[in-house]
Amino acid sequence: MQRWPSWVYGVGEEPDYRFSLANERTMLAWLRTALALLAGGVAVRALNLGLHSALETTISLVLISLGMALAALSWWRWASSERAMRLDRPLPSAGLGTLTAAGVLVVGVLVLLAFLT
Amino acid sequence: MNGSTSRDPGLQAERTGLAWQRTALSVAAGSIAAARISYEDVGRLALLNVAIALPLALWVYVGSRLRPQHRPTRQPAARWHVPLDRWRPGVGVEGAVLGAAVLVLGTVELVAVLSAGS
């Protein structure tokens with residue numbers, strides 16, 4: 001019975017299990033990051049910070065969407081990395097980190113704007 | 001990999017199992033909290049968190065408590081001593097399940113944000 005997905009496990013050979021385990025832990029760390037962003041998006045509205053409501057809604061939407069995007073992308077990155085390790089190829093680039101940093105920066109600017117107006 | 005983990009290969013599997021546990025529990029706890037908070041905005045739609053995301057996360061949590069999937073032969077099995085490797089669907093499936101749980105959460109919360117009057 002082959003593991004899923006086959007485009008990951010059906011190619012190459014089994015890498016050192018420690019690298020597979022590290023890849024798993026990385027995916028899980030990204031999932032927790034996604035969850036934290038999502039929780040932030042929910043908290044912005046639940047805490048009644050008294051910000052301008054349109055800005056609050058925007059911040060909330062950006063955070064929740066970013067969290068959802070990260071949740072999907074973290075699995076994708078796990079799969080591409082596992083496949084790359086099996087084929088002895090370079091790992092995918094650090095796009096996830098850039099995306100997260102950019103998203104958090106945008107939200108930070110929005111929050112700053114909210115407090116200044 | 002640093003030197004200390006290369007001396008005890010079982011540590012890596014244990015770290016990974018713990019990472020699975022805390023991630024699954026975080027998603028489970030988050031789904032309950034999010035359902036509670038957004039119930040006022042979307043009513044019963046918020047229960048999707050508890051009906052879908054929570055069981056998925058708990059299923060992954062229970063699975064992560066069992067014997068890890070990669071381990072050197074010297075490492076003892078988990079306390080429950082049940083030969084469950086063949087029942088566990090694998091990292092790809094369980095990771096996708098947790099991701100799907102977070103997506104369900106996010107969808108419900110997006111709807112809650114968009115449908116709230118304020």
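Reader: Let's begin with Trp7(A): buried, exposed or partly exposed?
Author: This is a predicted model. In it, Trp7(A) is partly exposed, with a relative accessible area of 33%.
Reader: And Trp75(A), buried or exposed?
Author: Trp75(A) is buried, since its relative accessibility is 13% and the cut-off for buried is under 20%.
Reader: How many aromatic pairs are there over all chains?
Author: The search finds 5. In one of the pairs, the ring centres of Trp7(A) and Trp75(A) are 6.5 Å apart with planes at 75°, so the geometry is edge-to-face.
Reader: Which helices does that pair tie together?
Author: Trp7(A) sits in α1 (residues 6–9) of chain A and Trp75(A) in α3 (residues 53–86) of chain A, so the pair ties together parts 68 residues apart in sequence.
Reader: Which residues do ring pairs link into a cluster?
Author: The cluster holds Trp4(A), Trp7(A), Tyr9(A), Trp75(A), Trp76(A) and Trp78(A).
Reader: Switching to the interface. How many residues of chain B are in contact with chain A?
Author: 37 residues of chain B, against 34 residues of chain A. Together the two chains bury about 3200 Å², 74% of it on carbon and sulfur atoms.
Reader: Which side chains meet in a salt bridge there?
Author: Arg45(A) and Asp41(B), at 3.2 Å from N to O. The count between the chains is 1 salt bridge, and 6 residue pairs are in polar contact.
Reader: Which element gives the largest share of chain B's side?
Author: α4(B), with 17 residues. By class, that side of chain B has 20 nonpolar, 12 polar and 5 charged residues.

Conventions
Residues numbered from 1 in each chain as written. Chains lettered and ligands numbered in written order. Predicted model: local features only at pLDDT ≥ 70, side-chain atom pairs only at ≥ 80, totals over all residues. Heavy atoms only, no water. Contact = heavy atoms within 4.5 Å. Buried area = accessible area lost by both parts, 1.4 Å probe. Salt bridge = Lys/Arg side-chain N within 4 Å of Asp/Glu carboxyl O. Polar contact = N/O pair within 3.5 Å; in protein donor to acceptor, adjacent residues only side chain to side chain. Helix = DSSP H or I, 4+ residues; strand = E, 2+ residues; numbered from the N terminus. Nonpolar A, V, L, I, M, F, W, Y, C, P; charged D, E, K, R; others polar. Phe/Tyr/Trp six-rings, centres within 6.5 Å; stacked < 30°, edge-to-face > 60°. Buried < 20%, exposed > 50% of the residue type's maximum accessible area, 1.4 Å probe, protein only.
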